[in-house]
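Subject: Handing over the structure

Hello,

Here is the structure I promised to pass on to you. Please have a look at it first, and then read my notes below.

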Amino acid sequence: MIIEKNIDELVDNQGSWLEPGVNEAPVISSRIRLARNLTDYHFPNWANSKQNYAVWQQSKELFKSINSNYMYWKMSELSVVDRDILFERHLISQELATKNKNSGVFVSPDESLSVMINEEDHIRIQVLHAGLNLKDAWNEANSIDDELEKNMKFAYSSSLGYLTSCPSNVGTGLRASVMLHLPGLVLLDEMDSVVNGISKIGLAVRGMWGEGTEAVSNMFQVSNQITLGKNEEKIIDHLEQIVSELKDHELNARKRLIGEKSLVVHDHVARSFGTLANAHVITSSEALNLLSTIRLGLDLKLVTGFSRQDLDKLFISTQPAHLQKIEKKELDPAQRDILRAELLRSFMKNATLNIK
């Protein structure tokens with residue numbers, strides 16, 4: 001069944017990808033995304049309004065019949081702020097946030113699963129889990145994919161596989177990705193060489209919010225680039241292997257930083273601590289970078305007084321749309337910068353800096 005809910009209710013909750021108990025330091029979350037299209041209709045960007053409406057209605061009726069509760073929203077019925085809330089929470093893509101008629105999303109109550117309708121493809125299934133957990137995410141995505149395919153005729157070629165709007169997705173239609181926090185490699189100026197090496201083995205490195213976004217706050221998404229000619233398990237196994245190696249490189253970089261450049265690290269953390277604890281105006285990008293440094297300080301036990309989970313929530317709750325929902329009114333950029341600083345100062349009251 002499906003329930004049309006008020007997006008305001010999401011702001012008070014945390015996504016399941018920030019679940020407590022997951023403690024994998026550099027690894028934040030794992031995502032599986034599957035792209036699917038229906039045989040009887042043009043791809044969304046080429047289809048007419050009548051065809052896109054038919055895809056939306058068919059999807060809506062199908063989700064009504066599935067034996068699970070799903071929240072749903074139609075893009076044309078949402079304000080810009082509401083769309084941005086869904087984007088900031090990693091529930092929809094930037095592209096879907098710009099869509100109007102006959103596009104929308106279905107979301108599981110814990111926000112681990114979202115199914116976008118009429119984005120670049122007719123259907124985009126996304127599963128997001130905490131930590132390095134690609135296999136469980138794949139099993140969940142595969143299960144909903146099977147459920148949909150029982151009732152929908154997907155565009156499929158016996159020689160190519162699933163047909164998609166973007167040629168790079170043709171085949172399995174799978175994009176597997178892992179979000180990592182890599183401040184050690186960045187501080188040692190080794191991230192560029194890592195990105196170059198990863199690119200040579202068929203993987204891509206993107207920013208915190210995926211394709212087309214910058215890698216602010218030392219957050220990077222590593223994902224497969226090729227889906228054609230490989231099965232899903234091999235794609236996932238390859239990505240997990242590389243992410244495990246990348247995690248080890250980051251932990252090694254942090255050890256070298258403490259051993260060889262401890263003064264630089266201590267100064268970096270102390271300055272960020274002081275700014276967050278005292279500033280009265282903080283921009284969104286500045287906040288993300290400062291929180292990244294505090295997250296490193298927390299991992300190195302240079303900062304105490306709160307959990308990594310509580311800190312990670314701030315990466316989302318200090319974003320522009322979330323701040324406006326918290327305040328229950330539209331805010332201009334200057335007002336948001338003041339409110340953001342106020343929230344961060346309040347959070348830092350419980351923090352202790354363990355640097356002499």
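This is a predicted model: local features need pLDDT of at least 70, side-chain atom pairs count only at pLDDT 80 or more; totals for chains, interfaces and linings use all residues.

Residues are numbered from 1 along each chain as its sequence is written, and side-chain values use heavy atoms, with hydrogens and water left out.

**The overall picture**

The chain has 13 helices and 13 strands. These are DSSP runs numbered from the N terminus: helices are H or I with at least four residues, strands are E with at least two. The C-alpha trace spans about 65 × 45 × 30 Å along its principal axes. For 356 residues, a compact globule would have a radius of gyration near 21 Å, and the chain agrees with this at 21 Å. That radius is taken over C-alpha atoms, and the globule rule is 2.2 Å times the number of residues to the power 0.38.

Of the 356 residues, 54% count as buried. The chain exposes about 15,900 Å², and carbon and sulfur atoms supply 48% of that area; the areas come from the Shrake-Rupley method with a 1.4 Å probe, and for residues only the protein chains shown count as cover. Contacts (heavy atoms within 4.5 Å) tell you about the fold too. Among those with a separation of 6 or more, 71% are between residues 24 or more positions apart.

**Charges and salt bridges**

The chain carries 39 positive and 47 negative charges, and their mean positions are 1 Å apart. Lys and Arg count as positive and Asp and Glu as negative, with His and the chain ends not counted; each charge is placed at NZ of Lys, CZ of Arg, CG of Asp or CD of Glu.

Side chains of opposite charge can pair when their charged atoms come close. The structure holds 20 salt bridges, each being a side-chain nitrogen of Lys or Arg within 4 Å of a carboxyl oxygen of Asp or Glu.

An α-helix has 3.6 residues a turn, so residues three or four places apart point the same way.

Which residues make a salt bridge with closest N and O atoms 3.1 Å apart? They are Arg36 and Asp145. This pair links distant parts of the chain, with Arg36 in strand E2 (residues 27–36) and Asp145 in helix H5 (residues 134–149), 109 residues apart. Arg36 counts as buried at 2% relative accessibility, and Asp145 is buried with a relative accessible area of 2%.

There is also a network of salt bridges that links Glu119, Glu120, Asp121 and Arg124.

Not counting residues up to four places away in sequence, Ser272 touches Leu290, Thr293 and Ile294.

Glu286 is in helix H10 (residues 284–299) and is partly exposed at 32% relative accessibility. Its contacts beyond four places in sequence are Thr275 and Val281.

**Helix H3**

Helix H3 (residues 80–88) is mostly covered, with seven of its nine residues buried. Among them are Val81, Arg83 and Phe87. The buried residues of H3 pack against several elements, including helix H1 (8–11), strand E3 (70–74) and helix H12 (320–327). Just after H3, His90 takes a positive phi of about 65°.

I hope you enjoy exploring it!

Best wishes

Definitions and conventions
Buried means under 20% relative accessible area, exposed over 50%, partly exposed in between (1.4 Å probe, protein chains only).
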